[in-house]
Amino acid sequence: MTRIIDFYFFALKVTIALLLAGMVVLVFGNVVLRYAFNQGITVSEELSRIFFVWLTFLGAVVAMREHGHLGVDTLIKRLPPFGAKVAVLLGHALMLYATWLMISGSWAQTLINLHVGAPATGLSMGFFYGAGLAFGIPAFLILISDAFAIATGRIDVTTAELVRDSEDEVALDEIPSPALGPVSAKH
């Protein structure tokens, strides 16, 4: 089962890379065509927007699996172990609720817009709104899995890194502290 899940996330990363490459080709190609040949790719803007939405939602799933989202864990680190566990599980319950709202809203919008065509490409707008489902369903499963692992003690919330620090904070932590020596009085 682990190999299937790992392959799924590898496929997501490849898809994200392809979407990004597609965006670059469409946008750059459109710019070159407009300035050099006074022509353009009619569907460039619309496809780039769809690619960007899918890239963002799929990237969020990968980041969620790798606990790569930014977060504040200052309170969790200061709570006793049981309090930290309760707080993290409460946070997961709230995230599960928000993800459920995302899934149900995306599902409703996908069904409503299934037969609506995009203006330039004619693609179903259900495909556009389906990106919310592509995020919501795996995110819900990841959250349930993490919550179960926390509740059963397989993940220790006092030592686990459930969120990432910002790059600024990590950079500040890597700067050595200046050594304080005797202060000489020069006038």
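**Pockets and a helix pair**

Four helices, α2, α3 (74-78), α4 (81-112) and α5, each supply at least two residues of the lining of the largest pocket. The model is predicted. Among the contributors, α4 gives the largest share of this lining, with five residues. The space inside the largest pocket comes to about 630 Å³. Its lining counts 29 residues, and H67, D73, E161, L162 and V163 lie closest to the centre. By class, the lining of the largest pocket holds 15 nonpolar, eight polar and six charged residues.

Next, the second largest pocket. Its volume is about 280 Å³. Here α1 (2-37) and α5 each bring at least two lining residues. The largest share, five residues, belongs to α5. The residues lining the second largest pocket are I5, Y8, F9, R65, H67, P138, L141, I142, S145 and D146. Six are nonpolar, two polar and two charged.

Now the helix pair. Helix α2 (residues 44-65) packs against helix α5 (residues 125-151) at an angle of about 0 degrees, and their axes are 9 Å apart. Angles under 35 degrees count as roughly parallel, so α2 and α5 are roughly parallel to each other. On the α2 side, the contact includes R49, W54, F57 and R65. On the α5 side, F127, F128, P138 and I142 are among the residues involved. The contact of α2 with α5 divides into 17 nonpolar, two polar and two charged residues.

Beyond its neighbours within four places in sequence, S44 is in contact with L26, V27 and N30.

Definitions and conventions
Residues are numbered from 1 along each chain as its sequence is written. This is a predicted model: local features need pLDDT of at least 70, side-chain atom pairs count only at pLDDT 80 or more; totals for chains, interfaces and linings use all residues. Side-chain values use heavy atoms; hydrogens and water are left out. Axes are lines fitted to C-alpha atoms, for helices over the stretch in contact, and angles run from 0 to 180 degrees between N-to-C directions. Angles under 35 degrees count as roughly parallel, over 145 as roughly antiparallel, 65 to 115 as roughly perpendicular and the rest as oblique. Contact means heavy atoms within 4.5 Å. Ala, Val, Leu, Ile, Met, Phe, Trp, Tyr, Cys and Pro count as nonpolar, Asp, Glu, Lys and Arg as charged, and the others, Gly among them, as polar. On a 1 Å grid over the protein atoms alone, a cavity is a set of points where a 1.4 Å probe fits but cannot get out, and a pocket is an open set with protein on both sides within 12 Å along at least five of seven lines; lining residues have an atom within 4 Å of a point. Grid points are joined across faces, edges and corners, and a volume is the space filled by probe spheres set on the points.
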